[in-house]
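Please read it with the model open alongside.

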Number of protein chains: 2
Amino acid sequence: MKEGPDIARVAALIGDPARANMLTALMSGRALTATELALEAGVTAQTASSHLAKLHEGGIVAARKQGRHRYFTLDNPDIVELLENLMGIAQRTGHNRVRTGPKDPALRKARICYDHLAGEMGVALFENLQQRQFIVFDDSGEMRISKQGAAFVQDFGLDLVQMRQMRRPLCRECLDWSMRRSHLAGALGAGLLQRMFELGWARKSNESRVIDFTPTGEKAFYDLFAALPNN
Amino acid sequence: MKEGPDIARVAALIGDPARANMLTALMSGRALTATELALEAGVTAQTASSHLAKLHEGGIVAARKQGRHRYFTLDNPDIVELLENLMGIAQRTGHNRVRTGPKDPALRKARICYDHLAGEMGVALFENLQQRQFIVFDDSGEMRISKQGAAFVQDFGLDLVQMRQMRRPLCRECLDWSMRRSHLAGALGAGLLQRMFELGWARKSNESRVIDFTPTGEKAFYDLFAALPNN
DNA sequence: CGAATGTTTCGATTAAGATCGAATTATGAA
DNA sequence: TTCATAATTCGATCTTAATCGAAACATTCG
């Protein structure tokens, strides 16, 4: 009865509402200070400090001191994956009283999921890339980028060679809890969003996970990522 | 501060030690009764009943009534994935006082991880398949089975065509918490273990997650899965 | 230096929920 | 039917930990 790693320890750390709120906020991929996280979680700074100490001790978040601030981030990619996983299950098993998407329409439309695009636009992007067979599933059911897809994203300005050298998988599916459909994660998902920022199509909102697209940026997005296969 | 799915709800369900023990036991892939789970968790039947009601209500476990027993299983593959994920993190972030593997040597050697082989033999299997390039990582970093690999497993007696029709991915890596290295999960991992049972190489232990190999079975296993690439 | 801001420590309070004994319901066996 | 076993419900107890006020500590700025 006492074999194996102590999953209760880790799960309990995430299982407190205040801490879960903090972790959700950190899914924005941004480093946040203790005070910001306190605000996000709806608790006082003292309480937040205690929670953050626990999360840090437990290896869930990493802390970095800078001046009189302490910045926190999620400690490891597998933590991100765990939280994504949790969100999917929480969404699926949540009582029906819960609305199918976030209250905030902007959040539902485009938000950051750690470092890639989620929400309606994220799902649209993913499904378009699939339709055009830029992303395909091979025999073993694994997702990968096709030759045409590689050409397409390089044309868009991504350095595929460099991205392939990262230990992180290039293509990964991530269940979108607001849409209940998949969007693109992995190095490719992150790279595409990064490039959209560079092109000035969009920028991160400062106080939430919303991604703000400029009108021109949004038009360019749909021009490029809503094209049909046979165009 | 209150956006998105309620991950705290799910995490808190897993975060209680008694419930975590039950879920770990269910990772054996076997359907267990309430009493068995009570024993496993080290609590009385009343307490277990209350926990199981919560897990069921929360969509974590599925219940099936049979006679005067109630059998419980993990409700969904993504729950299994979540637990595997949690085990990996719990192992990685666990304090060093924790030994690097399970106490029970048999458990460390070969155990069931939901429906596939884990432990030393699981890791050996996975690494051998990789060495012989039966399992390869393609450009996008995704794992898949090679042509030679497909021939090999079909020769072993698996029906690849049927396995590919399952929605479940064929090859998946699963971090082995006792070895801190990967073993093979997914439909292929499950199929291989299944076939080993059929061949009489091994059988599930009745009261733990240990997989008992017969002497002949173990020899056959190492003969087949410890061969070098150039043999 | 002193003032302001960010963070942590300490201590006391309080709320949530894990636990079990006793009793109850359900099913199968004799 | 009667008995035994499995599972649940109820009620009471008790432990854990979340919370915040007050105060201390750290760092930057003027």
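Predicted model: local features only at pLDDT ≥ 70, side-chain atom pairs only at ≥ 80, totals over all residues.

Among contacts in chain A between residues at least 6 apart in sequence, 57% link residues that are at least 24 apart.

**Helices α3 and α4**

Two packed helices are described by the angle between their axes and the distance between the axes. In chain A, the axes of helix α3 (residues 34-41) and helix α4 (residues 45-57) come within 9 Å and cross at roughly 105°, which makes α3(A) roughly perpendicular to α4(A), since angles of 65 to 115 degrees are counted in that class. The contact brings A34(A), L37(A) and A38(A) of α3(A) against A45(A), A48(A) and L52(A) of α4(A), and its residues divide into six nonpolar, no polar and no charged.

In chain B, the axes of helix α3 (residues 34-41) and helix α4 (residues 45-57) come within 9 Å and cross at roughly 105°, so α3(B) is roughly perpendicular to α4(B). Here A34(B), L37(B) and A38(B) from α3(B) meet A45(B), A48(B) and L52(B) from α4(B), and the residues of this contact are six nonpolar, no polar and no charged.

**The two faces of α3 in chain A**

Within α3(A), the residues L37(A), A38(A) and A41(A) are buried. They cover an arc of only 105° around the axis, and therefore lie on the same side of α3(A). An α-helix has 3.6 residues a turn, so residues three or four places apart point the same way. The buried residues of α3(A) pack against α2 (17-26), β1 (32-33), α4 and β3 (69-74) of chain A, whereas the face turned away from the buried side carries the exposed residues T35(A) and L39(A). Just after α3(A), G42(A) takes a positive phi of about 75°.

Y114(B) is partly exposed, because its relative accessible area of 22% falls between the 20% limit for buried and the 50% limit for exposed residues.

**A buried isoleucine in chain B**

Where does I89(B) lie? This residue belongs to helix α5 (residues 77-93) of chain B, and it counts as buried because its relative accessible area is 1%. Leaving aside neighbours within four places in sequence, I89(B) is in contact with V10(A), D78(A), I79(A) and L82(A) of chain A, as well as with G94(B) of chain B. I89(B) and L175(B), which are 86 residues apart in sequence, stand 9.5 Å apart in space, C-alpha to C-alpha.

Definitions and conventions: Residues numbered from 1 in each chain as written. Chains lettered and ligands numbered in written order. Heavy atoms only, no water. Axes fitted to C-alpha atoms, helices over the stretch in contact; angles between N-to-C directions. Helix = DSSP H or I, 4+ residues; strand = E, 2+ residues; numbered from the N terminus. Parallel < 35°, antiparallel > 145°, perpendicular 65-115°, else oblique. Contact = heavy atoms within 4.5 Å. Nonpolar A, V, L, I, M, F, W, Y, C, P; charged D, E, K, R; others polar. Buried < 20%, exposed > 50% of the residue type's maximum accessible area, 1.4 Å probe, protein only. Arc of directions from axis to C-beta.
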